[in-house]
Amino acid sequence: MSIKTENPRTGCLYVVATPIGNLEDISARALRTLREVELILAEDTRVSARLLAHYGIATPLHSFHDYNERAAAAGWLARLRDGARIALISDAGTPLINDPGFLLVREALARGIRVMAVPGPSAVIAALSVAGVPVDRFAYEGFLPAAGGPRQARLRALAGEPRTMIFLEAPHRLRATLADMRDVFGAARRMTLARELTKKHETLLHGTIAEVQARLEADPKQNLGEMVLCVEGAPGEKIERERAVAMAHTLAKYLPPGQAAAAASALTGVPRRELYAQFTKARRDESNDEMS
Ligand code: SAM
């Protein structure tokens with residue numbers, strides 16, 4: 001691995017966090033940076049124009065989103081190499097966290113261009129800070145796959161995860177995702193649904209997965225808006241069992257199901273019959289899902 005040192009003649013790429021709802025949630029340094037740079041790269045210039053107008057900032061905005069990131073990066077990197085100071089922002093929150101910018105940052109660093117964080121809001125950290133779940137260690141999982149089969153498979157791979165897990169979810173998939181989480185993690189696993197943080201309809205629903213589901217059924221408005229799901233990790237005694245099921249799944253890619261269950265049982269000590277039953281249930285669910 002080569003260590004790149006900064007070239008003092010280059011400009012600087014500022015990665016600037018912006019509000020996730022409440023426009024007051026922006027730092028003095030972020031505002032100064034956005035005012036002073038030559039140009040701002042924004043995910044959706046219409047969204048960011050509202051923020052800039054609110055603060056009377058007239059810096060030119062250029063579009064920079066997932067579809068043009070690769071093509072556009074070369075031009076911006078050349079400007080940075082020639083000494084330009086450029087800010088990168090997304091529609092809301094911290095750039096790169098499920099938002100565009102990774103390629104630009106990586107390539108800037110590879111070219112010895114200075115990259116500076118101007119930190120601030122992120123829905124992920126805001127949710128964790130109020131969720132009332134353990135936060136000393138956590139696993140950020142972003143969005144789960146949209147289709148049922150891959151989503152369930154991803155959740156199964158996380159069934160033994162001992163750290164708190166953070167997911168982003170779209171409102172129209174919330175019910176299906178919670179139903180899958182209940183199947184895989186169990187109805188009693190504790191979680192928090194953090195919705196519309198910093199906005200007018202901000203709510204936090206704490207409880208077991210089953211309790212949160214019941215609250216959503218009782219009040220359909222709670223299914224709307226932007227949301228982050230914080231799910232507690234697997235309790236200690238469940239972890240081995242869930243790891244064993246995941247192991248049986250992996251082994252079944254190479255062995256017949258009975259042998260996969262036997263091998264996972266020998267490696268973990270979890271009874272073979274129990275593994276076989278859970279593992280075949282998961283397979284049945286998957287094939288039902290493919291047929292529906
Ligand atoms: N980079 C952003 C950040 O750091 O917050 C996240 C971008 S991601 C594309 C957008 C997702 O973040 C939304 O679909 C939602 O899951 C979550 N999100 C954004 N704003 C939120 C808010 N005010 N309350 C709850 N979740 C929010």
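Tutor: Buried area is the accessible area, taken with a 1.4 Å probe, that two parts lose on being put together, summed over both. Please keep in mind that the model is predicted.

Student: Which percentage of the area buried between domain 2 and domain 3 do carbon and sulfur atoms give?

Tutor: Domain 2 covers residues 124-231 and domain 3 covers 237-285. The area buried between domain 2 and domain 3 is about 600 Å². On the side of domain 2 that touches domain 3 there are four nonpolar, one polar and two charged residues. The carbon and sulfur share of the buried area is 49%.

Student: How many salt bridges does the rule find across the interface of domain 2 and domain 3?

Tutor: Seven residues of domain 2 are in contact with seven residues of domain 3. One residue pair between these domains is in polar contact. A salt bridge requires a side-chain nitrogen of Lys or Arg within 4 Å of a carboxyl oxygen of Asp or Glu. For this interface the count of salt bridges is zero.

Student: What percentage of the ligand's exposed area does the protein bury?

Tutor: A ligand nitrogen atom is 2.7 Å from a polar backbone atom of Ile 97, and an oxygen atom of the ligand lies 2.8 Å from a polar side-chain atom of Ser 122. Taken alone, the ligand exposes 580 Å². The part of this area buried by the protein is 89%.

Notes
Residues numbered from 1 in each chain as written. Predicted model: local features only at pLDDT ≥ 70, side-chain atom pairs only at ≥ 80, totals over all residues. Heavy atoms only, no water. Domains from an automatic or database assignment. Contact = heavy atoms within 4.5 Å. Polar contact = N/O pair within 3.5 Å; in protein donor to acceptor, adjacent residues only side chain to side chain. Nonpolar A, V, L, I, M, F, W, Y, C, P; charged D, E, K, R; others polar. Areas by Shrake-Rupley, 256 points an atom, 1.4 Å probe, with all protein chains shown as cover.
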